[in-house]
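Please keep the sequence and the structure in view while reading.

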Amino acid sequence: MLTRRGFAGMSFAAMAGRMLPEAAYAQRAAIHGTLPPDMAWLNANENPDGPPQSSIEAMIKVLPEGGRYHYQEFGEFYATLARSEDLAPEQILVGAGSSEVLHAAIDAFTSPTRPLITVEPTYEGPVDIAARGLGRTVLRTRLEPPYVPDVKKLVEEAGKSGGGMIYLCNPNNPTSTVAPKKDVAWMIDNLPPNTVVVIDEAYSHFADSPDFESALGYVRQGKNVVVTRTFSKIYGMAGLRAGFACAPPELIAKMAPFRNNVISIVTVRAVVAALAESKTLLPERRTKLIRIRRELCAWLRDRGVPYIEPQANFMMIDVGRDAREFISAMPAKGVAVGRPFPPMNKFLRVSIGTDRDMSKFRDVFWSVYKA
Ligand SMILES: Cc1ncc(COP(=O)(O)O)c(C=O)c1O
């Protein structure tokens, strides 16, 4: 598709789209100014535990062999990754973070006549890629309390447009709420023609609501569904850049030409090592995260501070006034918190860190809240 469109025929917006969204996101998410050395980084939903020890050892081991491409290992790598989700290699597409495969999905499933349809607020990456990068129309329905997406509206918009790409982040960033499984099922059963649903499950490992269900089952059934996953969150590998899309082979084939990167052998080895211990690693990390998240919720409840019941490794706190006041005051006191998420201007997004991070967060948050 890219070759037929040709480089000369690409609009400036389309070319800029290859780099603009990540850059725009990084700029919005960056914390500026002189910062204390022992910052609690609670702004980007990362995992403070980082990669597991087995991944670190695998990376150290492969470093001296970094002079080679190691392409002969990639077939087995895709097979290992696919097996970890009970899929076949032709049902997955690997990217430098899930950002890359989300980008490929937008390239493949939106067009000047097929919009991106999503909720607001949600993760800005796909919206930036589609709207700012490629000049696509973006249709958004507002998330209202209890912050559950109106799937009927999303389907209706796709029908009115003659098709498009529905992007649903589940659990949603920034609200940390889930789309109930019965709503997701209804949406997938009622998709209008020419419509693909992309469900971003970057935070799925942290959800403990019985209402949540991964959409991978729909991929296995061959529905018009793409699920994206990342190693940046529960696996603690944000800086290593690995993610993947899961979809029926015909959808993967449409996305594949839009990939730009081959991930490094260092990252490949880290991922393979982590997958080998995922049966113990993931439950351990999930249990710890849920405990720390519950403790923060209890602390907020005790003080009468409202928040949205969280399902991811971050939560939204209703600070009752413009949250930018907190966002700018807290870093100088050693705590970095999430960027603004309009139109939820009175909500502060905080990532769940270590016990020590959260104790510091509580002290600094309270000093700004009471000021
Ligand atoms: C919902 C969601 N999807 C995708 C990403 C992109 O992550 P990565 O490219 O590191 O996989 C993020 C990053 O924070 C996110 O919040």
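In this report, a residue is buried when its relative accessible area is under 20%, exposed when it is over 50%, and partly exposed in between (1.4 Å probe, protein chains only). Helices (H or I, at least four residues) and strands (E, at least two) are DSSP runs, numbered from the N terminus. The model is a predicted one, in which local features need pLDDT of at least 70 and side-chain atom pairs count only at pLDDT 80 or more, while totals for chains, interfaces and linings use all residues. Residues are numbered from 1 along each chain as its sequence is written, and side-chain values use heavy atoms, with hydrogens and water left out.

**Confidence**

The predictor's confidence in each residue is given as pLDDT, from 0 to 100. Its mean over the protein is 92, and 92% of the residues reach 70 or more. Over residues 1–17, however, pLDDT stays under 50. Where pLDDT is low, the predicted coordinates should not be read in detail.

Two strands are taken to pair if DSSP finds at least two bridges between them. Seven strands make up an open sheet with mixed pairing, in the order β2-β8-β7-β6-β5-β3-β4. Because β2 (92–95) and β4 (138–142) stand at the edges with a single partner strand each, one side of each has no neighbour in the sheet. On average, neighbouring strands here are turned by 20° against each other, direction ignored.

Strand β5 (residues 164–169) is mostly covered, with six of its six residues buried. Six bridges link β5 in the parallel sense to β6 (residues 195–200); M165 has V196 as its bridge partner in β6, and G164 stands opposite T195. From β5 the chain crosses through helix α9 (residues 181–189) to β6 in a right-handed β-α-β crossover; right-handed means that, with the strands pointing away from the viewer, the path from the first strand over the helix to the second runs clockwise. Strand β3 also runs parallel to β5, joined by two bridges, and I117 is partnered with I166 of β5.

Strand β11 (residues 347–351) is mostly covered, since five of its five residues are buried. F347, R349 and S351 point one way from β11, whereas L348 and V350 point the other way. Strand β9 (residues 314–318) runs antiparallel to β11 and is joined to it by five bridges, with D318 partnered by F347.

In helix α4 (residues 53–62), the buried residues are S55, A58, M59 and V62. Viewed down the axis of α4, these residues fall within an arc of 100° and therefore line one face of the helix; the arc is that of the directions from the helix axis to the C-beta atoms. The face turned away from this buried side carries the exposed residues I60 and K61. Helix α12 (265–276) is included in what covers the buried residues of α4, where contact means heavy atoms within 4.5 Å.

**Backbone features in loops**

| Feature | Angle | Loop |
|---|---|---|
| P145 to P146, cis | omega near 5° | P146: between β4 and α8 |
| P342 to P343, cis | omega about 5° | P343: between β10 and β11 |
| S176, positive phi | phi about 65° | between β5 and α9 |

H70 counts as buried because its relative accessibility is 8%. S176 likewise counts as buried, at 0% relative accessibility.

Methods: Axes fitted to C-alpha atoms, helices over the stretch in contact; angles between N-to-C directions.
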